[in-house]
Amino acid sequence: MTNPYHIIAVGAHCGDLELQVGSIAHKYAKVGHRVTFLHMTAGEKGTPPGVDPEEYRVQKIKESEEAADILGVETITLEYRDAELKIDDDTISHVAKIIRELKPDVALTHWVNSMHPDHEACPQIVEAAWLKAALPGFDLDGLEPHGMRGMFHSENWEDMEGYEPDVFIDVSDEFDTYLKALSKYWFIMNSTSFRYYDYYQALGTMRGCLARVKYAQTLKYPTGMNVRKGADIPKLPL
Ligand SMILES: [Zn+2]
């Protein structure tokens with residue numbers, strides 16, 4: 001492939017991105033595009049019985065690496081702490097530097113409304129980092145400015161207030177691999193607070209029904225970015 005895309009997905013906790021965009025990521029990765037999962041925190045505080053957060057952090061990073069191997073994506077977990085993610089200059093600059101280093105074309109992240117503050121922080125951090133990475137007036141360790149082409153939100157059960165998908169992606173051929181990757185996470189298979197595996201299997205099925213394919217995953221344009229400017233009506237070229 002002469003010009004592979006690079007997609008960066010930015011999630012609050014190890015496991016979020018796999019659930020939200022795992023099958024979309026695998027669809028691109030398996031034909032030679034590059035996908036990087038950037039987990040802002042490990043999500044280490046929802047510990048299994050008898051495991052402390054530091055041990056669980058190590059476990060979750062290992063699980064993220066196993067899932068990434070199955071999906072064919074790269075994975076990075078930052079040092080920020082679960083349930084303590086801040087929208088501040090240091091965090092925005094950190095993500096902006098990663099954008100300048102990795103030069104992704106597009107970012108995927110959480111929707112803007114969530115019951116979890118770390119999730120809600122992610123799209124604000126990504127949007128601010130996208131701008132900061134692109135503006136030549138910001139000196140970030142001498143790294144060359146980089147402008148991404150766009151960002152999309154993705155679907156997470158904790159982020160559903162106002163989430164109406166704009167884009168349905170057929171992942172029928174990737175769904176089995178997606179489920180296999182999900183099964184690497186203890187919390188997805190064993191949480192007693194939410195039936196993650198059942199929900200996301202059913203969600204892929206339901207979105208697939210609406211898209212008239214077997215399985216689908218969805219994305220949403222940032223508010224105000226799903227705009228076309230042209231000479232004719234969309235789908236009716238003159
Ligand atoms: Zn999360």
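## Helices across the sheet

Helix H2 (residues 53-71) lies across strands E2 (34-41) and E3, and runs at about 160 degrees to E3. This is a predicted model. Helix H4 (residues 117-134) lies across E1, E2, E4 and strand E5 (150-154). Its direction is about 145 degrees to that of E1.

## The sheet

Seven strands make up an open sheet. Their order is E3-E2-E1-E4-E5-E7-E6, with mixed pairing. Strand E3 (74-80) and E6 are the edge strands, each pairing on one side only. From one strand to the next, the twist averages 30 degrees.

Strand E1 (residues 6-13) and strand E4 (residues 106-109) run parallel and are joined by four bridges. Ala 9 has Leu 108 of E4 as its bridge partner.

## Helix H7

Helix H7 spans residues 196-211, 16 residues in total. From first C-alpha to last it reaches 22 Å, close to the 22 Å expected at 1.5 Å a residue. Arg 212 follows H7, and its phi is positive, near 60 degrees.

Three residues of H7 are named as buried: Tyr 200, Gly 204 and Arg 207. They lie on the same side of H7 because they cover an arc of only 70 degrees around the axis. In an α-helix there are 3.6 residues a turn, so residues three or four places apart point the same way.

The face turned away from the buried side carries exposed residues: Asp 198, Ala 202, Met 206 and Cys 209. Cover for the buried residues of H7 includes helices H1 (16-29) and H5 (175-182). Strands E6 (167-170) and E7 (216-220) are also among the covering elements.

Note on methods. Residues numbered from 1 in each chain as written. Predicted model: local features only at pLDDT ≥ 70, side-chain atom pairs only at ≥ 80, totals over all residues. Helix = DSSP H or I, 4+ residues; strand = E, 2+ residues; numbered from the N terminus. Expected span 1.5 Å × (residues − 1). Buried ≥ 20, exposed ≤ 12 C-beta atoms within 10 Å, placed from the backbone. Arc of directions from axis to C-beta. Contact = placed C-beta atoms within 7 Å. Pairing = 2+ DSSP bridges. Axes fitted to C-alpha atoms, helices over the stretch in contact; angles between N-to-C directions.
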